[in-house]
Amino acid sequence: MKVDVTEAFRERNLLGTGRIFEASTKLSVKARGVSVSLIDPWFFNSDITAELPVSYERREEPSFTREDVSASFLLTKDLSDYVTVTGGYTFQRTSLTEVDPSQSIPDEDEDYDLGAIQAQIGFDTRNDIFF
């Protein structure tokens with residue numbers, strides 16, 4: 001049996017500034033986590049949207065426990081009604097604990113950091129009756 005519970009909150013006008021605040025929690029039999037995000041739809045008074053998501057997740061498996069902490073900085077620009085371009089940087093720190101010795105690899109580091117640069121082009125035609 002699998003049970004997942006997710007709760008989310010969104011404030012579309014944070015303190016009257018026009019910024020968006022999002023928060024969510026996730027709870028399941030093996031995992032739990034929380035994430036928050038601050039979105040500025042007019043970054044430096046431009047038509048670029050900036051997003052700063054931060055998250056934490058803990059997952060308990062039979063042979064190990066994994067904890068992930070991540071933060072990103074993303075910039076998005078609408079090129080047309082259907083096309084968006086997004087770029088950004090993500091940093092994630094992962095920690096493995098309670099590793100079963102029979103499942104581990106010798107000389108393998110159980111903690112690691114990951115940095116990633118991302119670029120994405122999106123094409124969205126959901127509101128176009130011809131697609």
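Strand 5 (residues 65–78) and strand 6 (residues 83–97) pair in the antiparallel sense over 14 bridges, where strands are DSSP runs (E, at least two residues) numbered from the N terminus and pairing requires at least two DSSP bridges between two strands. The model is predicted, with local features needing pLDDT of at least 70 and side-chain atom pairs counting only at pLDDT 80 or more, while totals for chains, interfaces and linings use all residues. Residues are numbered from 1 along each chain as its sequence is written, and side-chain values use heavy atoms, leaving out hydrogens and water.

**Exercise 1.** Find which residue in strand 6 stands opposite glutamate 67.

*Solution.* Begin with the pairing of strand 5 and strand 6, which is antiparallel. Within strand 6, serine 95 is the residue opposite glutamate 67.

**Exercise 2.** Describe how strand 4 is joined to strand 3 and to strand 5.

*Solution.* First, strand 3 and strand 4 pair in the antiparallel sense over ten bridges, and leucine 38 has leucine 52 in strand 4 as its bridge partner. Next, strand 4 and strand 5 pair in the antiparallel sense over eleven bridges, with glutamate 57 bridged to aspartate 68 in strand 5. Finally, strand 4 and strand 5 form a hairpin that has four residues between them.
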